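Here is a brief report on the structure shown below. Start with the overall fold, then follow the headings.

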Amino acid sequence: MKLRGTLASLLLATAIGGLPLTSHAQTPTHQQYFPLQSYRVGPYAAGGTGFFGGFIDYMNLINTRDGGVNGVKLTWSECETQYVVEKGVECYQRLKSHVPPPSAWNPLSVGIAYAMIPDITADKVPLITIDHGRTDSTDGAVFPYVFPLLMNPYSETSAIINFIGSKSGGDEKLGSKSIVVLYHGSPYGRETIPIYQLLAKKYGFKLQQIEVPDPGTQQQSQWLQIRRIRPDYVVLRGWGVMNPVALKSAQEVGFPADHIIGNVWSNSEEDARPAGNAAKGYIALTTQATGTRYPVIQQIQNIIYKAHQGNMSDPARVGSVYYNLGVVNGILNVEAVRIAQAKFGNHSLTGDQVRWGFEHLDLSVAKVQALGAAGLFHSIDVTCNDHEGHGYITFQQWNGKEWNRISDWIAPDWAILRPIIEASANKYAAQNHITPRVCSTEEAAAN
Amino acid sequence: MDWSFLIGVVISGLLAGVMYSLVAIGFVLIYKTSGVLNFAQGSMLLFAALTFVSLHEEGLPFWIAFVLTLAIMVLLGVLIEKIVLRPLINQPPITLFMATLGLSYIIEGGAQFVWGTQVHQLDLGIADVPLPLNSILISQFDIFCAGVAGAIVAVLGVVLQYTRVGLAFRAAAFDQYAALNTGLRLPRIWAITWGVAGFIALVGGLLWGARTGVQFSLSLVVLKSLPVLVVGGFDSIIGAIVGGLLVGLTETLMEVYVGPFIGGGIDQWIAYALALAFLLIKPTGLFGQRSVERV
């Protein structure tokens, strides 16, 4: 019986008020603190345990292997949100006064992130929405404290259409194609409706967008519509249980799995494996590769798990999609702190100082390799204007047991996306009486 | 009009409704015999499926895992009766409902605490592929589910209507004081009822789990069963089946034929709209008994 000791301690900690799970004898001035609004129970626990497990394991590796970031230990505490917005905001209220102060918020939830934007901006603490969040928060001139690192929803959309174009023999062939977008009935799911419409107009493909109400446990009616439309491709923009049910329902109406393209929240083992044979051949986008062959993952296994210090109750999940995303998120947070330390000194930094680190986070392919993550993710170059930082993604295909990469790293179509992002950000600025920063002036002053 | 497509939509909707009925039957059974609206039925379904799949993954053969899980569910039912419901005998219905609401959270948390939060694949050996009948596609798996639901209804119908045990169950549900006065042992009847509800939760959990994967969301299917109960009647097993078929059919037809004109997502609320209409027109549902009280 898999009685989960770790989970037990977590639940206990949560029950008595989100006590820190780690404690260090050092003074607060030598600690860099990360509040974690994790979700280890509830409908999305599989994603939460993987992501936050990977994030914590990486911070643990930095402390154990390097003695922290330039001697400053990383600390953290968890607060259970169950992926519920109200609980996430309550966690934020509880942890924001922590000493030392929060370095950055990483809720991994669109709803919680949206709810926090005004407050974290007032607090001057960065909000990291890796692979998700508001697309227009890519524009750091309007959203100085929000960072949709690696990929925003519009970049994802552009990359998926580019991929379908390449499979069809070139973008010019897209005009003869029919594409259905099956999206989750939530703000996250609806975020990309306008950009798909815009891309359909540009490339001339037929587009139908069909909503699946949350949680998506029954999809017969949606897939009957798809059967009637007979599209060439279905883009699956799902979340949680919606994904395996979509794959099973596709099989029921005879739609081929290798013509279903999953987005970044439909790309995990937990999305494909429960669908069994129905998922064989299914393709999904990702910003980070899976597996344990990367030096940084192997170091976690050798240093952390061999010492029985790993956060995952099931070590076999090390190397899975959500876990590796957590590790990559850990790398980006830690390197932002390291970059900020170079400017502000090797001591505990404020959230605003760490924000500066994120805004100068430049990890080239060579730097990524030096961090032991070559091939795990491509690269990132965050600037005042671009809080996403490249948007490189790749595609993977499920073989019935695991994911295999089937494409090179693909960049989004910046020429199309950037004006839309700026227009949306400027609209937000006008509605909220925000005076956008002038990034060129700030960068010139810094240089 | 594409008639073969329409027929496919109708069949698909009816089969989707059977899946709702499988959960609703568990509700009806407990309500019919104890007067308790057991909100924990969805959690029991999750707990049963998680327990079965975890035991099976540990290496136990299918039928041994099934029997062991069934034993655990019966034990759970007996404990619920003894620890939660017995002290609440003759309390108002809302008190009992709130007790089961709290119970659902405890069972959900307990299931994840004991078996973890990982999503599990469950393969019952029945292909979820379409049977081509001319141009109409019907899922083999859905047909199997319909057969299982039919068998459960038939057995329960016979037991409740034609056996002494069934008579005792109905007497207990009708008037607990009178049942006690005639010598019926209410605790035993309720323990058996909860044990049978555990069996239905196990069957429902396995069928839903094979469709969606065994994961936390299984406990949420209970939300789709509530309108089924309102439409069919809270105390009728036949009502649970007919209500499920009506809800499934309405959802599917509306989503396919009306959804495209109003932006889709209709099946999120249409079942509740249908239930509301029934509450206004026929509050007892199609097969529910009208309660008569002396005032």
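## Domain record for chain A

The model is predicted. An unreviewed UniProt entry lists "domain: Leucine-binding protein" at residues 40–400 of chain A. Over residues 40–400, chain A is 42% helix and 13% strand. The end C-alpha atoms of that stretch lie 26 Å apart.

## Overall build of chain A

Chain A holds 16 helices and 13 strands. Its C-alpha trace spans about 65 × 60 × 40 Å along the principal axes.

Of the 447 residues of chain A, 62% count as buried. Among contacts between residues at least 6 apart in sequence, 71% join residues at least 24 apart. Chain A exposes about 15,400 Å², and carbon and sulfur atoms supply 52% of that area.

## Transmembrane record for chain B

For chain B, an unreviewed UniProt entry places "transmembrane region" at several stretches, including residues 36–56 and 135–160. Residues 36–56 of chain B are 76% helix and 0% strand, with end C-alpha atoms 32 Å apart. Residues 135–160 of chain B are 81% helix and 15% strand, and here the ends are 41 Å apart.

## Helix H5 of chain B

Helix H5 of chain B covers residues 140–162. Its 23 residues reach 33 Å from first C-alpha to last, close to the 33 Å expected. At its start, a side-chain oxygen of B:Ser139 comes within 3.2 Å of the backbone nitrogen of B:Phe141.

Which residues of H5(B) are buried? Among them are B:Phe141, B:Cys145, B:Val148, B:Ala149, B:Ile152, B:Val153, B:Leu156 and B:Leu160. B:Asp142 is buried too. An α-helix has 3.6 residues a turn, so residues three or four places apart point the same way.

Terms used:
Residues numbered from 1 in each chain as written. Chains lettered and ligands numbered in written order. Predicted model: local features only at pLDDT ≥ 70, side-chain atom pairs only at ≥ 80, totals over all residues. Heavy atoms only, no water. UniProt positions renumbered as here; feature names shortened; annotations may be inferred. Helix = DSSP H or I, 4+ residues; strand = E, 2+ residues; numbered from the N terminus. Expected span 1.5 Å × (residues − 1). Buried < 20%, exposed > 50% of the residue type's maximum accessible area, 1.4 Å probe, protein only. Polar contact = N/O pair within 3.5 Å; in protein donor to acceptor, adjacent residues only side chain to side chain. Contact = heavy atoms within 4.5 Å. Areas by Shrake-Rupley, 256 points an atom, 1.4 Å probe, with all protein chains shown as cover.
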